[in-house]
Amino acid sequence: MAVLLTAILFLSALSSTAFAATKVSFPFTPISAASLPWWIAKESRYYEKYGLDVDMIYVGASPVIIQAMLGGQAGVGAGGGPPLVSNILQGGDVVQVATTVPYAIQSLIVKPEIRTPTDLSGKKIGISRLGAIPHFTLQAIVKLHNVQGINLVQTGTTTQAITSLSQGLVDGIITSAPFTFRLMKDGYRELVSPKDFKKAGVEFLIQGLVARKSYAVRNREVVIGMIKATMEGIKQIFVNEKHAKAVLAKYTRQTDPDILDQTHKFALDIFVKDPTVTPPSIQPIVQQSAQFNLVDAKLAGSTPIAAYYDNSYVDEIKKSGWLADLWR
């Protein structure tokens, strides 16, 4: 009897080990609608569905995510934009493996007395961190409207940026939904919107999944599982409005029904149903990073666009028919 019990316990332990979920550290940013698919994946247990035990770690700026990944603290993370380009041109191996948002979705929110881009001269504008997406967005505004004399202030997280604005430490901040809607409801002005960027042709991949090549090669199923869970999260935005709003409210701490409704509609407009990374979504980042002197222009010009992404994971998912089945 004792021998039989020992055997059962051994087989039970063996079975538990065999089916144990793979632990994954997942640094992400920002706290806004752009992160909604990952929050939904967490709340809906989609990560577990694909054998992943995901520890979501909020990081205040995308360059810090890339740095953490290059330092071995994570193999996969959220990101895109200038930090991705900079890392490749500096010899890093973090590449884009999926797209969720391939265009500019941030706004410049300012004090009500600032009425035109010309009024920005001499003003303090808050960005999360130098080299992050908000910095890139503000640089695009400067170029678009030929504004001189803006003073950059690194404000850190979204919460810190909003606090800086409310306390008068800055005159405006770069942020996105739902906080754009909240701030406008509180009397602040949206001076430049995502629609303005789109109209001016300022489009670039700002959000998606990135992975270290060295990690992804050894953990291909993890990367594929993360992409699948993310896409399931995106689908829920389209088919389950109530759940999407509930998750949005939980993670952004917004409870105003009107703001949640506006943010959900915003989310329906920004997320793609096909996560394939396209060269046209990367090329503007490279070009503008060089123009803004964020990277070496000569090196950027000689580096092929294909160096910044790897679509093999998405291609495998699409070839299996999984993505087409998801959207049926």
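Mentor: The largest share of the lining of the largest pocket comes from helix 13, which gives five residues; helices here are DSSP runs of H or I with at least four residues, strands are E runs of at least two, and both are numbered from the N terminus. The model is a predicted one, in which local features need pLDDT of at least 70 and side-chain atom pairs count only at pLDDT 80 or more, while totals for chains, interfaces and linings use all residues. Residues are numbered from 1 along each chain as its sequence is written, and side-chain values use heavy atoms, with hydrogens and water left out.

This largest pocket has a volume of about 400 Å³ and a lining of 21 residues, with P194, K195, F266, D269 and I270 nearest its centre. Two or more lining residues come from each of helix 8 (179–185), helix 9 (194–199) and helix 13 (257–270). On a 1 Å grid over the protein atoms alone, a pocket is an open set of points with protein on both sides within 12 Å along at least five of seven lines, a cavity is a set where a 1.4 Å probe fits but cannot get out, and lining residues have an atom within 4 Å of a point. By class, the lining of the largest pocket holds ten nonpolar, five polar and six charged residues, where Ala, Val, Leu, Ile, Met, Phe, Trp, Tyr, Cys and Pro count as nonpolar, Asp, Glu, Lys and Arg as charged, and the others, Gly among them, as polar.

Helix 13 also leads on to V277, which lies in the loop between helix 13 and helix 14 (279–291). V277 is buried, with a relative accessible area of 1% (buried means under 20% with a 1.4 Å probe, protein chains only). Leaving aside residues up to four places away in sequence, V277 touches Q96, V97, A98, T99, L205, I282, Y309 and N311, contact meaning heavy atoms within 4.5 Å. V277 and Y308 are 31 residues apart in sequence, yet their C-alpha atoms are 9.6 Å apart in space.

The second largest pocket, with a volume of about 330 Å³, is lined by 17 residues, and T158, T159, I162, F179 and T252 are the closest to its centre. The lining of the second largest pocket divides into eight nonpolar, six polar and three charged residues. Helix 12 has a partner of its own, as E241, H243 and A244 in helix 12 meet Q236, I237 and V239 in helix 11. The residues of that contact are three nonpolar, two polar and one charged.

The 30 residues of its lining include T29, P30, Q106, S128 and P134, which lie nearest the centre. Helix 7 (158–166) takes part in this lining too, for it supplies at least two residues, as do strand 6 (124–127), helix 6 (133–145) and strand 8 (172–175), and strand 8 gives the most, with three residues. The lining of the largest cavity has 14 nonpolar and 16 polar residues but no charged ones.

Technical notes
Points joined across faces, edges and corners; volume = space filled by probe spheres on them. Buried < 20%, exposed > 50% of the residue type's maximum accessible area, 1.4 Å probe, protein only.
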